[in-house]
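Work through the following exercises with the model open beside you, and try each task before reading its solution.

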Amino acid sequence: MENEQPKQDRFLNDIANHSMSIVRDDGVYRHLVFSNNGSSVFRFELITWPGYLAYTGDMGAFVFSRLNDMFEFFRNGRGEINPSYWAEKVVAENRHDGIEKFSIDEFRENVLGSTRSHLSLTDDEEIPEEIMEEIEPLLSAEDWIDAICSIRDFRSDKIDFNDWWEFNNNRYSYSFIWCCRALVWAIDTYDAFKKGQE
């Protein structure tokens, strides 16, 4: 599927041989490096200071702000990520592959959903074949430009996409989800290290 997001097992495989190096650990002032013996592959760093956490590395860069100690913000004890809430706390994001990006799959799902809505069909009901033929150019779009051009030029007596600009055709980027998984894993790793020192 286009714009696939990294599952937990994929992430764990990516960082299977990672270890933590502590550059600084002074209250909420932290600088932690996670890598496979210094390799740059999937290497990342966490830097915290009052009210902020910066994540930077092979998978991009994001800065979050919410609590004085941002490790507290990301701790949940269940190893789960919360991309929608965490995205709200991003104050700076990766330049090329930020929090979200256009997804052709999401666009196609929106076209089908809007078509069903115009025809008063439920999600379980099939769209009539003649309508499917009409919307085929939309479903065949290959990228953002194709999608915009095909929906702009679409004409039909039975359905319309006048509200297409309301569609959210984005999905969380691979790098943002990877970052979220890295945050939970890294903070758990740090906490386990600190507990072992007690």
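**Exercise 1.** Determine which residues N94 touches, not counting residues up to four places away in sequence.

Solution. Taking contact to mean heavy atoms within 4.5 Å, N94 touches M59, G60, A61, F62 and S175 once residues up to four places away in sequence are not counted. This is a predicted model, in which local features need pLDDT of at least 70, side-chain atom pairs count only at pLDDT 80 or more, and totals for chains, interfaces and linings use all residues. Residues are numbered from 1 along each chain as its sequence is written, and side-chain values use heavy atoms, with hydrogens and water left out. N94 counts as buried because its relative accessibility is 18%, where buried means under 20% relative accessible area, exposed over 50%, and partly exposed in between (1.4 Å probe, protein chains only). Finally, the side chain of N94 reaches the backbone oxygen of D97 at 3.3 Å.

**Exercise 2.** Describe how helix α4 and helix α5 pack.

Solution. Two packed helices are described by the angle between their axes and the distance between the axes. Helix α4 (residues 104–118) and helix α5 (residues 129–139) pack at an angle of about 155°, with their axes 10 Å apart; the axes are lines fitted to C-alpha atoms over the stretch in contact, and angles run from 0 to 180 degrees between N-to-C directions. That makes α4 roughly antiparallel to α5, given that angles under 35 degrees count as roughly parallel, over 145 as roughly antiparallel, 65 to 115 as roughly perpendicular and the rest as oblique. As for the residues involved, F107, R108, V111, L112 and T115 in α4 meet I131, M132, I135, L138 and L139 in α5.

Methods: Helices (H or I, at least four residues) and strands (E, at least two) are DSSP runs, numbered from the N terminus. A polar contact is a pair of N or O atoms within 3.5 Å; within protein, one must be able to donate a hydrogen and the other to accept it, and residues adjacent in sequence count only if both atoms are side-chain atoms.
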